[in-house]
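Trainee: I'm new to reading protein structures. Could you walk me through one, a feature at a time?

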Amino acid sequence: MKTVRAQALCAFVAALLTACGGGTDSHGTGSENSNTASAGAAAPATPPSPASAAQDLPLTQYVDPLIGTLASTSPNPVPAGQAGSVIPAAGLPDGMVQWSPDTNTTPAPSTSQEPGSPAGYYYDLNTIQGFSLMHMSGAGCGGNGGEFPIMPTTDAAQRVPSFSHANEHAAPGYYSVALDNGIKVELTATLRTGFGQFTYPAGQPSILVLDTTRTNTRSSTTGTVSRVSATELSGSTISQGFCNHTTPVTVYFDAVFDQPFASASSIGNGVAQLKFATGATVRMKIGISFVSAANAKLNLTAENDAWDFDATRKAADAAWNQRLNAIQVNGGSHDDKVKFYTALYHTQWSPSVFSDVNGQYIGFDNTTHSVAAGQGAQYTNFSGWDIYRSLIPMKALLFPQQTSDMMQSLINDADQCGAIPRWVNYNVETGVMPGDSGSLMVAGAYAFGARNFDTQSALAHMMTVANVPGTKCQIDTTAEGRGSYLKYHYMTADENGWGPASSTLEYASTDFAMSQFAAALGNTAFQQVELGRSAYWENLLDTASTPPFITARDDSGNWLSAADNSEYVEGNAEQYTWMVPHDVGGLFTKLGGNTVVLKRLDTFFSQLNAGTTLPNFYMGNEPTFTVPWLYNWAGSPSGTQNIVQKIMTTVFSTKPDGLPGNDDLGAVSGWYVWGALGLYPEIPGVGGLTIGSPQFESITVRLGHGKTLQINAPGAPASNYVQSLSVNGTDQPGTWLSLDALANGATMNFTMGRAPSTWGTQTSNAPPSFDAPAGSL
C-alpha cells in the first residue's frame, strides 16, 4: 500500500506543478547594446555552488508568510499604506483560491497599529472574522476579496473567535490555528479549490457557517446557498467595491464534506449553518468559479477528488518549492534567506488564474469565453502601476510562458472592452492609479522574453490609446489626461486626471516603452512618434528653480508650485524629479551634472522610508523604486551598492513589520529580490539590467528559456563593493548588462571588497540613456 500511495501522491504533485506552470519553459531574449570596454579585472575564485540547476533545494522552510502583516514605521505613508497588507493564505502560486483568515472585514480600527488599512489580516488584531477564499495579497485599497467567509464554531451566535499567534502556523500552501474556543482550523489548497480540516473539541457542538451575504468588499450583498445533498452545497455571491468600484461580479462555489451534516442544519437566505456530530473532525473541499456553479464543481472534481488532506498539503508545498527554486542562493545568514525567499514567495501570488479547468472564463464583456489554443490560462488581478516597473520583467525572465499567458489575458481583456486595462480585478477595469500601465506591462514583459502572445493586437491597442484620448475599457478612461498631454506636451489639471506633474512622467515612460515595443515589431513610424513624445518630461522640468524640480504647468504654460503635492500622485516634487528612467543622462545634465546630482542623491537617501510628504526616498511606494540605482549613471556605482544594501538591511526585516508598506501584489517584494541579485530592470521596455552588488555569495537563477545565470560574489554581503566583474570570462567594466548576454546562459564573477573601487566609474561605463530626436518638445 505504501508504494501505491506514494505513486498516487507523485502523480498528484506532478499534476499540481503542471497547473502552476511547472516544467519546461522557453522564451526569446531582449536586445540592447551595453557598454563593453574592457578594464582588465581578474576573475575571482568561484565559491561552492548551492546545487546543480537540475536539483531542487528545500526552500519553503525559509518562507514566513507573517512577514509584512504589521504596520511599518513610515511616517507619512500612502492612504491605507502603513502595513504590508499581505495575507498568510493557503494557496498555490498564481492561485485562484487564496484561503486566509481575516482579522477585520472593515478598515482596521483606530486603536490598531495600521488604522484605516483595508480588510485583511493584521498581526496586532487577535480575533478572526472569517476564513475567506479569495484575496489579493498586498493590495492597499478597500475591498480586497473576502468572498465566501467560513467559520467553524461551537455556538452559531459566537462567530468572531479570538486566537493567539503562539497557536498559529503559516507556511506556503498551508495555514493552521488553534482558536481560543478549542477548534483547530487547517487550510490547504489546489489552484482553484480549497481544502479545510476543522477539529472540534470533544463533547462540543460542531457547527460550520458559510456566509455568502458578505465579503471584504461589502458588508451586505446578495448571496445564495443551496443544498445539493447531505454532503454538498452550491451557491454564489455578488462581489464588488474594490477601491469603490461599482461593477458587480458573480462568484460561484461548490462545496463537499466528508460526512453528512445534520438535518437540523439551517440553509437559507444566503447562509448555511451546518451541524455535525459533536466533537467531530470535519473535512471540507470547496471549488470556485467565475462562470458557474457547475464549473466550480468541475474544478473541484478535476483538481482534488480525493480526501487526503496531508497529500494535498504536501503537493501545495511541492508546488511552492518548485517555484522558489527558480532562484537558489548560498551564503548570508538564515535571516537573509528568510527575507529573500519570503520576498520571492510574495511575488508569486499575482496575477492569478481566472479561468476554469475547462478553459472557460467570464470576459470583460460579461460573456463566457474559452482560452485559445496555446494559452495556458486566463489571468486576473494586475495592479499595473505597481508591477510594471520591476515585477513583470522578473516574471518574464523567470517564467516566460506564464507571463506570456498573462499578457495574452490583458490583450483578451482589451479585445473585449476596448483598451488594455491598467488595474484588473476579476473581469473589471477598476481604473485605479493613473497613466497607461497596461501598455507598460506588455512592453516590459516582451522586452524580458515573454513573447508568446498576440503582439500585433497589443501594438494596435497601444496605438489607439496613445493617439485617441478618451479611449475606454468598460466605463473607465484608460489614459486619463492624455488629451492635454498630446495638446500641450504635458498634462494639465484642467483635464480629468490625477497628479498632472507625475502623470506626465508616467506617460513619458509609457511612450518610450511603446517606442521600443513598436521597434521590435518593425513599426518604425509609430516608434519614432512615441520616442519623440517620451521627451515631454522636459517640458515640466523647471530649471529656473533652485534646485530644478519637475513642476506642473497650467494650460497657458505658467508654472505652478512644486510645493503643491496635489500635483503628484502619492509623492512630491523631489521624489518624482528622479523618475525619468529612460533618459537618466539627459535628466542629470539638466539637473546640473554628476557632481551636483551625487550630492542631491546623498541628501535624498538620508531617509529610506520617508512617506509621501518628505523630500526623501520612500521604499514603501513605487515611484522611487529606480532611484537607488541612479548612482550608476552618475559615475558612482558604489553609491548604488551602498544604498541598496542599506535599504535591504534596515527597511526590510523578518518581523511582522518587515515590509516598508503595502506590498502591492508583490511589487515591493519584487524590488527586494532584484536587490539581492545585484541587478535591476531600470528602463521600461528595454531588455537589460543595471548592475549593483549581489547580497549572497552564490546565486543560481534558472532562466525561463532553460538556461542558467550563475552569479558568484565571494565575500558578499559583508564585502559589498564591486572591485571587478567578468561575464562569461570577459571583463565587464560597465554597470549595464544586456539580456543578450544571457541568451545562452551566463556566469557573472564578481570580485568583492569592503571599500569602494574605481569599477564602473568612467563615463563610458554608464548604462544607456535614450534621448529623443531634436525638435520633439
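This is a predicted model: local features need pLDDT of at least 70, side-chain atom pairs count only at pLDDT 80 or more; totals for chains, interfaces and linings use all residues.

Trainee: What length does α16 reach from its first C-alpha to its last?

Mentor: It covers residues 637-650 and reaches 20 Å, close to the 20 Å expected at 1.5 Å a residue.

Trainee: Now strands, please. Is β9 buried or exposed?

Mentor: Keep a general point in mind. In a regular strand the side chains alternate between the two faces of the sheet. In β9 (residues 206-211), six of the six residues are buried. Both faces are covered: one side has S206, L208 and L210, and the other has I207, V209 and D211.

Trainee: Which strands are joined to β9 by bridges?

Mentor: General idea again: strands of a sheet pair through backbone hydrogen bonds, either parallel or antiparallel. Strand β4 (residues 150-153) is joined to β9 by four bridges, and the two run antiparallel. M151 has V209 of β9 as its bridge partner. Strand β14 (residues 271-276) is joined to β9 by six bridges, again antiparallel. There, S206 stands opposite F276.

Trainee: What is the order of the strands in the open sheet of six?

Mentor: Read across, the order is β16-β30-β31-β35-β32-β33, and the pairing is mixed. The edges are β16 (327-330) and β33 (730-731); each has a single partner strand, so one side of each is left without a neighbour in the sheet. Further in, five bridges join β30 (residues 698-702) to β31 (residues 708-712), and these two run antiparallel. I699 has I711 in β31 as its bridge partner.

Trainee: Which strands stand at the edges of the three-stranded sheet?

Mentor: That open sheet goes β21-β22-β23, with antiparallel pairing. Its edges are β21 (382-383) and β23 (428-429), each with a single partner strand, so one side of each lacks a neighbour in the sheet. Two bridges join β21 to β22 (residues 423-425), and F382 stands opposite V424.

Trainee: Let's zoom out. Into which domains is the protein chain divided?

Mentor: There is domain 1 (85-325), and there is domain 2, made of two stretches (327-355 + 598-776). Their C-alpha centres lie 37 Å apart. Their contact takes 25 residues from domain 1 and 21 residues from domain 2.

Trainee: How much area do domain 1 and domain 2 bury between them?

Mentor: About 2,000 Å², with 59% of it on carbon and sulfur atoms. On the domain 1 side, D94, L324 and N325 supply 29% of the area buried against domain 2, more than any other three residues.

Trainee: And where does UniProt place its domain feature?

Mentor: The unreviewed UniProt entry puts "domain: Glycosyl hydrolase family" at residues 295-753. In the model, that stretch is 39% helix and 14% strand, with its end C-alpha atoms 58 Å apart.

Conventions. Residues are numbered from 1 along each chain as its sequence is written. Side-chain values use heavy atoms; hydrogens and water are left out. Buried means under 20% relative accessible area, exposed over 50%, partly exposed in between (1.4 Å probe, protein chains only). Two strands pair if DSSP finds at least two bridges between them. UniProt positions are given in the numbering used here, feature names are shortened, and annotations may be inferred rather than shown by experiment. The expected span of a helix is 1.5 Å times one less than its number of residues. Domain bounds come from an automatic or database domain assignment. Contact means heavy atoms within 4.5 Å. Buried area is the accessible area (1.4 Å probe) that two parts lose on being put together, summed over both.
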